[in-house]
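Colleague: Could you walk me through how to read a model like this one? I would like to take the features one by one.

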Amino acid sequence: MRTAYSVETVRAAEGELMARLPEGALMQRAAAGLAAACARLLIRRRGRVYGARIVLLVGPGDNGGDALYAGARLARRGAGVTAVPMDPARMHAGGLAALRAAGGRVEEAVPARADLVLDGLLGIGGKGGLRPAAAALAERLPHGAPVVAVDLPSGVDADTGEVAGPAVTAEVTVAFGAYKPGLLIDPGATLAGALHLVDIGLSLDAPDVEVLQHADVARLLPVPAPSSDKYRRGVVGVVAGSAQYPGAAVLAVAGALRGGAGAVRYVGPAAAADAVLARFPETLIGRGRVQAWVVGPGLGDGRAGEVAELLAQDVPVLVDADGLRGLDAGALRDRSAPTLLTPHAGEAAALLGTDRRAVESGRLAAVRQLAELYGAAALLKGSTTLVAAGGGPVRVNPTGTGWLATAGSGDVLSGLAGALLAAGLSAADAGAVGAYLHGLAGRRAASGAPMTAQEIAQALPEAWRDVRRG
Ligand SMILES: NC(=O)C1=CN([C@@H]2O[C@H](COP(=O)(O)OP(=O)(O)OC[C@H]3O[C@@H](n4cnc5c(N)ncnc54)[C@H](OP(=O)(O)O)[C@@H]3O)[C@@H](O)[C@H]2O)[C@@H](O)CC1
Ligand SMILES: [K+]
């Protein structure tokens, strides 16, 4: 499991530790780890540190200080180090003295060529979009040189991953003490590149964000015992599709059948039921006992009553797509069985009474608000899918791919996550595991080319095997 902590939490832990250590000790730990990571990258690329041309982009705060001290360490190993300040009048004094003592230089213009750039413009003290002086440096990087971001790519919001305006794109980000949420959530996650953590001795408790990895997902997967029968493995009921959208029913059932359900029960109009049976003759048709309901994909208008009726049952329910229209937050909060809502940004905006842009530019806050307002687990789809529940850490799904944004992909996910709910996973686990498997299946099905939602469903067994193999 990879975890991330908010700036507020990191600052508090930093304050506690600093009070017990000599001044500057933490920055030296950070700079030593940073210099070591840079040296590894240079050795991988060009065989040695000696003779490398290194450019430091230096902001006015401690992030710039880290870059200067790391630059000094690399200069002592024979690199040619040039610091370019954002504001020549504001540079970390100790760091600057150390760099100069090690033979480094300060210049106002970014050199045209370099073997490595350290982005030490802004770290966790950055606020809002880059101001002009910082933006000018971020946009004038030496062509083709790999960038190592110091703690955070400058221009990325540490707590949310939001990017307002220009930002640095890093090959590697070296984070100090803890990952910040913005390194794990897009668009920040994409700009951060490969992540490397330097332990500086912070003690931290509950994370604000976490990212499941294969081993975490493998532990949560429902695996049938020898004594299992189909009812113990969980029957998932799918209320989806309409005469107008029979395909949504087929895709949700496809996802559910490959989500580990013992059986899938389909409830819907005859035209859609025929389409489901033609494709999956093993489907049970009509109402009956289930361990979880999936309701919403392709329902069309005028079926809010059916949704409310399912939510009145004391059974786990996943609500998606058309089922999300006009949900009664009070009724949901009163439920005692698990509920999982799976909106995309537009649906989330309607649920929160805001607009789509507000959700997209503040996805972490939006998914937390959804979970709180509706007293449910919320899965917000997007380039990084987020799952929130009950004030716990928000789960960030790491397996997405742009190819997943294809018609019907969400229908497959709803069936899949519904089957996991029926197998007894909590709503948050069902959402996180569902998104993880769905993303892996998408990557397998696409492998660099467009794919269809049916192909995502077909690749799900391979995704299970991948996860179980570890
Ligand atoms: N946490 C830890 O344990 C450790 C932390 N360490 C390091 O400290 C870093 C945090 O340092 P920090 O607090 O000095 O803030 P930092 O990121 O350098 O930026 C502040 C400066 O930027 C400016 N500024 C702000 N926004 C801006 C914008 N949009 N565009 C342009 N400028 C902007 C702001 O200007 P002001 O608002 O004051 O005018 C201020 O001068 C952290 O990321 C890590 O690298 C390690 O050394 C050791 C352990
Ligand atoms: K930085």
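Predicted model: local features only at pLDDT ≥ 70, side-chain atom pairs only at ≥ 80, totals over all residues.

Colleague: Is Leu 41 buried or exposed, and why?

Modeller: Leu 41 counts as buried because it has 21 C-beta neighbours inside 10 Å, and the cut-off for buried is 20 or more.

Colleague: Now the overall layout. What does the domain assignment give for the protein chain?

Modeller: The assignment gives domain 1 as 2-208 and domain 2 as 214-469. Their C-alpha centres lie 40 Å apart.

Colleague: How many residues of each domain are in contact with the other?

Modeller: On the domain 1 side there are 10 residues, and they are in contact with 8 residues of domain 2. The domain 1 side of that contact divides into 6 nonpolar, 1 polar and 3 charged residues. A contact count is one way to look at such a boundary; the size of an interface is often given as the accessible area lost when the parts come together.

Colleague: How many residues surround ligand 1, and which are the closest?

Modeller: The shell around ligand 1 has 29 residues, and the closest are Gly 61, Asp 62, Asn 63, Gly 123 and Gly 125. By class, the shell has 13 nonpolar, 10 polar and 6 charged residues. Helices α1 (7-20), α2 (25-46) and α3 (62-76) each supply at least two residues of it, and the largest share, 4 residues, comes from α3.

Colleague: Let us turn to backbone geometry. What should I look for?

Modeller: Then look for departures. Asp 151 has a positive phi near 70°; it is found in the loop between β6 (147-150) and β7. Ser 447 also has a positive phi, of about 25°, although it is not a glycine, and it is found in the loop between α17 and α18.

Colleague: Why is Asp 151 classed as buried, and why is Ser 447 classed as exposed?

Modeller: Asp 151 is buried because 29 other C-beta atoms lie within 10 Å. Ser 447 is exposed because 11 other C-beta atoms lie within 10 Å.

Colleague: Where is there a cis peptide bond?

Modeller: A cis peptide bond joins Asp 186 and Pro 187, with omega about 5°. Pro 187 is found in the loop between β7 (172-176) and α6 (188-192).

Colleague: And Ala 446: where is it found, and what is it in contact with?

Modeller: Ala 446 is found in helix α17. Beyond its neighbours within four places in sequence, Ala 446 is in contact with Thr 401, Trp 403 and Met 451. Ala 446 is partly exposed, because 18 other C-beta atoms lie within 10 Å. The C-alpha atoms of Ala 446 and Glu 23 are separated by 52 Å.

Colleague: Last, how do I read a helix such as α18?

Modeller: The general idea is that an α-helix has 3.6 residues a turn, so residues three or four places apart point the same way. In α18, the buried residues include Ala 453, Ile 456, Ala 457, Leu 460, Ala 463, Trp 464 and Val 467. What covers the buried residues of α18 includes α7 (214-220), α9 (246-257), α16 (409-422) and α17 (427-446).

Colleague: What span does α18 reach, and where does its kink lie?

Modeller: With 17 residues, α18 reaches 25 Å from its first C-alpha to its last, close to the 24 Å expected. The kink, of about 40°, lies at Leu 460, shortly before Pro 461. After α18 comes Gly 470, with a positive phi near 85°.

Technical notes:
Residues numbered from 1 in each chain as written. Chains lettered and ligands numbered in written order. Domains from an automatic or database assignment. Contact = placed C-beta atoms within 7 Å. Nonpolar A, V, L, I, M, F, W, Y, C, P; charged D, E, K, R; others polar. Expected span 1.5 Å × (residues − 1). Bend = angle between axes of the 7 residues up to and from the residue. Buried ≥ 20, exposed ≤ 12 C-beta atoms within 10 Å, placed from the backbone. Near = placed C-beta within 6 Å.
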